[in-house]
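Have a go at each task before you read its solution.

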Amino acid sequence: MIAECVREADVLEAVAFGRWPDRCGDLAAHVASCEVCSDLVEVARALHDDRAWLCREAQPPSAGMVWWRATIRARAEAARTAARPISVLQGIAGACFVGAAAGIATVAWHSIHWMDRIGELAVSLESRRADIASASTFAAGHGLPILIAVAAGLVLAPLALYITLADD
Amino acid sequence: MAWRDLTVSDVDQLSSTEEAAASFAMTEDAFRAFYDRTARSVWGYLSRLTGDPAMADDLLQEAYYRFLRANVSHESDAHRRNYLFRIATNLVRDMRRRPRVAESPLADGIGNIEHADPQSADAANGAVRRLDLARSMARLKPRERDLLWLAYAQGSSHKEIAETLGLKAASIKLLLFRARRRLAGLLREGGR
């Protein structure tokens with residue numbers, strides 16, 4: 001249960017404005033007989049005086065120092081935040097490269113079988129053998145450079161992207 | 001990440017701090033004026049709640065940093081100030097949850113007695129009163145300390161206290177009454 005007194009506000013004001021106890025007249029007499037106001041004076045005065053002393057004695061760093069530290073820290077956090085998606089991007093690029101390499105290897109394996117079948121077809125169709133043999137030779141001769149070019153692109157593209165973003 | 005966690009390489013990477021400052025809630029001039037108006041009372045609040053002036057220094061920097069980064073618009077200076085005290089209160093709560101390395105030293109009161117001018121009876125009495133208060137506050141529950149300081153040292157209204165501490169405004173009166181009665185009893189016993 002809360003015990004209240006109608007003069008609490010007067011007591012608080014007297015303490016806050018430094019009038020307590022010398023310039024309070026009948027209020028001092030009231031406080032002496034009122035348990036609620038007596039507690040209030042005890043606590044409010046102690047805390048008010050303590051705060052005044054702490055504020056007087058406090059030596060917080062200058063505003064400029066706090067601002068400078070805050071800007072440096074914000075900048076460092078921004079740099080870390082910016083680096084996070086780049087790392088993710090590198091991971092995705094690596095996974096794409098592995099996937100693409102596996103895909104190309106599969107396609108190349110199948111194309112070898114296709115070559116065999118084309119060769120068998122060429123044997124059966126003697127009349128057009130010369131033309132098909134020349135097509136097979138072209139594929140076998142240029143397949144490796146094309147494969148290397150695609151692989152190089154997959155490796156270099158993420159690197160180029162990383163270098164571009166890192167410069168920012 | 002606290003200021004102390006910054007490494008040399010972190011700082012080396014910082015070519016300009018202007019971009020970072022652009023993300024803050026206020027300009028440098030406005031911050032300086034606000035800081036000069038509030039820093040001492042926030043430090044006092046942190047110092048009394050933690051009982052550790054060195055901890056208060058660290059938390060002060062952290063409180064203003066979070067305030068700047070929050071980028072919240074405030075309708076008045078009083079609202080801005082209350083918001084800062086709410087951040088400070090949350091920092092103290094976080095600190096209380098962490099395991100303690102050492103007990104709170106309550107050094108400001110004791111140190112002051114040692115350095116008090118022996119010629120001055122007022123200074124000595126003041127130091128004793130502050131030590132009693134520090135001891136008494138240390139025996140209160142954390143929430144009681146927060147309530148009492150905001151109400152009687154800061155002069156905050158019940159509504160402001162409720163906002164700062166995340167409590168219902170209707171419950172402040174009762175909580176404050178109980179905390180006040182408890183502290184008054186402890187102070188009369190000399191904090192023992």
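A crossing of two helices is called left-handed if the near helix is turned anticlockwise from the far one by less than a right angle, and right-handed if it is turned clockwise. Keep in mind that this is a predicted model.

**Exercise 1.** Describe how helix 7 (residues 121-139) and helix 10 (residues 169-188) of chain B cross.

*Solution.* Start with the axes: they come within 9 Å and cross at roughly 135°. That angle makes helix 7 of chain B oblique to helix 10 of chain B, because angles over 145 degrees are needed for roughly antiparallel. Next, the hand: the crossing of these two helices is right-handed. Finally, find the contact residues. Helix 7 of chain B gives B:Asp132, B:Leu133, B:Ser136 and B:Arg139, while helix 10 of chain B gives B:Leu183, B:Leu186 and B:Leu187. Sorted by class, this contact has four nonpolar, one polar and two charged residues.

**Exercise 2.** Check the length of helix 4 (residues 53-70) of chain B.

*Solution.* Take its 18 residues at 1.5 Å a residue, and the helix should span 26 Å. Now compare the end C-alpha atoms: they are 25 Å apart, which agrees. Then look at the residue that follows helix 4 of chain B: B:Asn71 has a positive phi, near 55°.

**Exercise 3.** Work out which elements of chain A touch chain B.

*Solution.* Begin with the counts: 32 residues of chain A are in contact with 48 residues of chain B. On the chain A side, helix 3 (35-57) and helix 4 (63-124) each give two or more residues. By class, that side has 21 nonpolar, two polar and nine charged residues.

Definitions and conventions:
Residues numbered from 1 in each chain as written. Chains lettered and ligands numbered in written order. Predicted model: local features only at pLDDT ≥ 70, side-chain atom pairs only at ≥ 80, totals over all residues. Contact = placed C-beta atoms within 7 Å. Helix = DSSP H or I, 4+ residues; strand = E, 2+ residues; numbered from the N terminus. Nonpolar A, V, L, I, M, F, W, Y, C, P; charged D, E, K, R; others polar. Expected span 1.5 Å × (residues − 1). Axes fitted to C-alpha atoms, helices over the stretch in contact; angles between N-to-C directions. Parallel < 35°, antiparallel > 145°, perpendicular 65-115°, else oblique.
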